[in-house]
Amino acid sequence: MLSRRLFDTCDDFDVIPASLSSLRFDSTPVKANDLMSVMTPNIKRGLFPDDDEDSGLGMDDHVTFTPSLTKSAKRQRSEDDNSTCSKRPKICTDIKAVVTKLEENDDFIADGSRLHTLPTVTGKHSDLKSITPQTLADVVNGHYNDVISDYKIIDCRYPYEFEGGHVRGAENMYLHETILTLLQQPTKDKQIVIFHCEFSSERGPKMLRFLRSKDRELNKENYPSLNFPEIYLLDNGYKAFFNEQSDLCDPVSYRPMLHSDHSEDLRHFRVKSKSWTAGEKRRYAKRSMRF
């Protein structure tokens with residue numbers, strides 16, 4: 001589908017040859033044999049088309065022929081078509097190459113500029129690149145500092161969960177409007193972003209997709225450029241990370257979303273999250289109605 005949206009093809013235009021000389025029939029009757037004797041083969045074909053040609057053209061008082069311009073007209077049509085195509089930005093060719101590259105090999109990051117830096121695994125979401133808790137630990141411990149310039153860990157759990165224990169250096173972003181602030185920050189080459197929630201089943205993947213969608217929208221005039229072309233999902237979320245790498249958690253604890261002491265907090269943050277989403281849907285509906 002992507003290729004169909006991005007790339008147009010040149011339209012073909014039918015060229016009607018311009019008229020030149022006219023063969024006029026005066027009042028003196030002309031015998032059919034005499035008339036045929038003065039006609040060139042091209043004129044004969046124009047008047048009497050073969051069975052597989054369009055024979056629905058009637059003869060007016062003035063019959064106009066342009067056999068000498070047929071080749072010239074075709075050449076002009078070809079030049080017009082080439083001119084139309086040549087006006088397209090050269091970047092179209094580059095975009096086609098990138099799309100083909102991404103379709104043939106999903107090991108490239110989303111802008112097609114290079115391969116993924118981190119090793120990935122097959123997670124719950126086949127459309128997302130997932131990494132193991134061990135890989136995230138290696139990132140935090142600086143084992144990838146020679147190949148990445150910066151990293152962000154986005155914890156999409158609710159604040160009471162985050163306060164009850166999180167990956168060292170993680171940022172708590174559970175609202176869509178907070179995720180949008182990432183696109184307002186300066187970007188660096190070879191930076192990566194890692195999303196997660198408690199199990200990386202719903203909140204983390206949704207926020208990851210939301211960022212990618214808004215990033216594409218922001219850079220639609222410069223496709224396939226992105227602010228954040230290399231994004232990952234922590235496989236099985238914070239729970240799996242805490243079970244394997246608790247020494248990299250701050251504080252060293254794990255507070256589940258369904259904790260009995262935070263039922264009121266759960267209701268509060270769920271309503272807050274849904275109200276923002278509902279507001280976005282209403283604003284989108286209003287924008288759609290204006291067009």
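**S200.** I looked up S200 and found it in the loop between β7 and α9 (203-218); helices (H or I, at least four residues) and strands (E, at least two) are DSSP runs, numbered from the N terminus. I am working on a predicted model, where local features need pLDDT of at least 70, side-chain atom pairs count only at pLDDT 80 or more, and totals for chains, interfaces and linings use all residues. Residues are numbered from 1 along each chain as its sequence is written, and side-chain values use heavy atoms, with hydrogens and water left out.

S200 counts as buried because its relative accessibility is 2%; buried means under 20% relative accessible area, exposed over 50%, partly exposed in between (1.4 Å probe, protein chains only). I noted that the side chain of S200 reaches the backbone oxygen of L234 at 2.6 Å and the backbone nitrogen of G237 at 3.3 Å. Not counting residues up to four places away in sequence, S200 touches H125, F195, P205, L233, L234, N236 and G237; contact means heavy atoms within 4.5 Å.

**Helix α10.** I went on to α10 (residues 237-245), whose buried residues are G237, Y238, A240, F241, F242 and Q245. These buried residues pack against α6 (133-140), β5 (166-167), β7 (191-196), β8 (231-234) and β9 (249-250).

**Cores.** I then listed the nonpolar cores (sets of buried Ala, Val, Leu, Ile, Met, Phe, Trp, Tyr and Cys residues joined through side-chain atoms within 4.5 Å). The largest has 21 residues, and L118, L136, V167, I192, I194 and F241 have the most contacts inside it. The elements giving two or more residues to this core are α6, β7, β8 and α10. Of these, α6 gives the most, with 4 residues. A second, separate core has 17 residues, including L128, M173, V193 and F195.

I checked L118 as well: leaving out residues up to four places away in sequence, L118 touches I131, T135, V139, Y144, I192, I194, E230 and Y232.

**R157.** I placed R157 in the loop between β4 (150-155) and α7 (159-163). R157 counts as buried because its relative accessibility is 0%. The side chains of R157 and D155 are joined by a polar contact of 2.8 Å (a pair of N or O atoms within 3.5 Å; within protein, one must be able to donate a hydrogen and the other to accept it, and residues adjacent in sequence count only if both atoms are side-chain atoms). R157 and C197 are 40 residues apart in sequence and 5.1 Å apart in space, C-alpha to C-alpha. Leaving aside neighbours within four places in sequence, I found R157 in contact with residues including Y174, H196, C197, E198, Y238 and R255.
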